[in-house]
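Please consider the sequence and the structure together.

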Amino acid sequence: MISFIGAGPGNVDLITVKGRRLLEEADVVIYAGSLVSKEHLNFCKEGCKFYNSASMTLEEVIETMETSLKNSLKVVRLHTGDPSIYGAIREQMDMLDKNRISYEVVPGVSSFTAACSSIRKEFTLPDVSQTIILTRIEGRTPVPKEEDLEKLAAHKASMAIFLSVQEMDRVVEKLIKGYGRDDVPVAVVYKATWEDEKIILGTLKDIEEKVENEGINKMAQILVGDFIDSNYSRSKLYDPTFSHEYRSASK
Ligand code: SAH
């Protein structure tokens with residue numbers, strides 16, 4: 001069996017119970033070495049074989065999976081965060097489908113929710129935003145022009161921006177144009193849930209300088225929006241004057 005597993009954002013206890021169990025049972029683990037904590041591998045049984053996918057091609061990854069399967073070995077493909085977000089998992093699954101090899105996918109805690117926990121906020125606040133945009137600035141991988149940061153920012157939704165902290169200048173420029181103001185709160189969370197996590201709070205006006213002063217240029221979430229610091233309305237769900245399926249309004 002091949003199991004694609006979301007390892008979570010960093011802290012080893014943030015993998016799912018199912019993911020940990022599969023890791024413990026694995027004979028072969030192919031892990032994304034640039035972002036997955038090596039501590040996860042301490043839970044594997046003795047004799048388990050490890051492959052760091054950072055130095056492998058897609059073809060080599062698939063070949064390793066297929067050879068292991070032929071020898072009836074249990075394979076775990078360990079991705080950072082949740083594999084469905086910038087995980088390059090689809091191309092692997094498509095190759096396996098083509099070769100009629102079955103697999104399962106176990107979700108994980110993505111770094112965007114981990115970063116929001118670290119700053120102890122909520123993305124979706126009544127009267128502030130009910131939408132979260134997950135995106136990135138274009139790098140070597142292009143972004144469709146309809147999804148340009150400036151256009152997305154014009155929605156004024158809560159945003160979590162991946163893979164972009166190395167280009168804070170361009171990110172900030174586009175966001176200021178899109179939001180139409182520079183006092184929008186921003187939190188840059190470097191290595192959320194790792195021991196060397198760093199949180200930098202600011203606004204679109206000063207965040208670039210703050211991030212530069214801290215020397216952060218990789219592995220960070222850029223969270224943007226008024227959800228970080230603004231007034232909001234209380235939820236209807238827990239409002240004493242509001243009744244719903246599970247609770248009637250107090251008299
Ligand atoms: N699948 C992953 C994302 C992989 S892309 C997920 O669901 O989180 C890699 C990008 O994710 C990094 O450039 C960074 O923007 C973000 N990232 C991953 N781990 C992170 C962490 N612990 N803290 C902050 N950002 C993180």
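Q: How many helices and strands does the secondary structure of the protein chain come to?
A: The model is predicted, so local features need pLDDT of at least 70 and side-chain atom pairs count only at pLDDT 80 or more, whereas totals for chains, interfaces and linings use all residues. Residues are numbered from 1 along each chain as its sequence is written, and side-chain values use heavy atoms, with hydrogens and water left out. Helices (H or I, at least four residues) and strands (E, at least two) are DSSP runs, numbered from the N terminus. On that basis the protein chain has seven helices and 10 strands.

Q: What percentage of the residues in the protein chain is buried?
A: The C-alpha atoms fill a box of roughly 60 × 50 × 35 Å along the principal axes. A residue is called buried under 20% relative accessible area, exposed over 50%, and partly exposed in between (1.4 Å probe, protein chains only). Of the 251 residues in the chain, the buried share is 44%.

Q: What share of the contacts with a separation of 6 or more joins residues 24 or more positions apart?
A: A contact means heavy atoms within 4.5 Å. Among contacts in the protein chain with a separation of 6 or more, residues 24 or more positions apart account for 65%.

Q: How far apart are the mean positions of the positive and negative charges?
A: Lys and Arg count as positive and Asp and Glu as negative, while His and the chain ends are not counted. Each charge is placed at NZ of Lys, CZ of Arg, CG of Asp or CD of Glu. For the 32 positive and 39 negative charges of the chain, the mean positions are separated by 3 Å.

Q: Which residues that line the largest pocket are the closest to its centre?
A: On a 1 Å grid over the protein atoms alone, a pocket is an open set of points where a 1.4 Å probe fits, with protein on both sides within 12 Å along at least five of seven lines; lining residues have an atom within 4 Å of a point. The largest pocket holds about 1,400 Å³ of space. Of its 44 lining residues, the closest to the centre are Leu 35, Thr 80, Tyr 86, Gly 87 and Leu 163.

Q: Which element gives the most to the lining of the largest pocket?
A: Two or more lining residues come from each of helix 2 (58–70), strand 4 (75–79), helix 3 (90–98) and strand 10 (220–224). With three residues, the element that gives the most is helix 3.

Q: Where does Gly 87 lie, and which residues does Gly 87 touch beyond four places in sequence?
A: Gly 87 is buried, because its relative accessible area is 16%. Its place is the loop between strand 4 and helix 3. Not counting residues up to four places away in sequence, Gly 87 touches His 79 and Gln 92.

Q: Is Ile 89 buried or exposed?
A: Ile 89 is also found in the loop between strand 4 and helix 3. Leaving out residues up to four places away in sequence, Ile 89 touches Phe 4, His 79, Pro 83, Ser 84 and Val 105. Because its relative accessibility is 9%, Ile 89 counts as buried.

Q: What is the phi of Asp 127?
A: Most residues other than glycine have a negative phi. Asp 127 lies in the loop between helix 4 (111–118) and strand 6 (132–136), and at 69% relative accessibility Asp 127 counts as exposed. Although Asp 127 is not a glycine, its phi is positive, at about 70°.

Q: What is the phi of Lys 156?
A: Lys 156 lies in the loop between helix 5 (149–153) and strand 7 (158–162). At 44% relative accessibility, Lys 156 counts as partly exposed. Lys 156 is not a glycine, yet its phi is positive, at about 60°.

Q: What is the relative accessibility of Met 159?
A: Met 159 is found in strand 7. Beyond its neighbours within four places in sequence, its contacts include Phe 123, Ile 133, Leu 175, Ile 222 and Phe 227. Met 159 counts as buried, because its relative accessibility is 0%.

Q: With which residues is Ser 164 in contact beyond four places in sequence?
A: Ser 164 lies in the loop between strand 7 and helix 6 (168–179). Because its relative accessibility is 1%, Ser 164 counts as buried. Leaving aside neighbours within four places in sequence, the contacts of Ser 164 are Arg 136, Ile 137, Val 171 and Ile 222.

How values were computed. Grid points are joined across faces, edges and corners, and a volume is the space filled by probe spheres set on the points.
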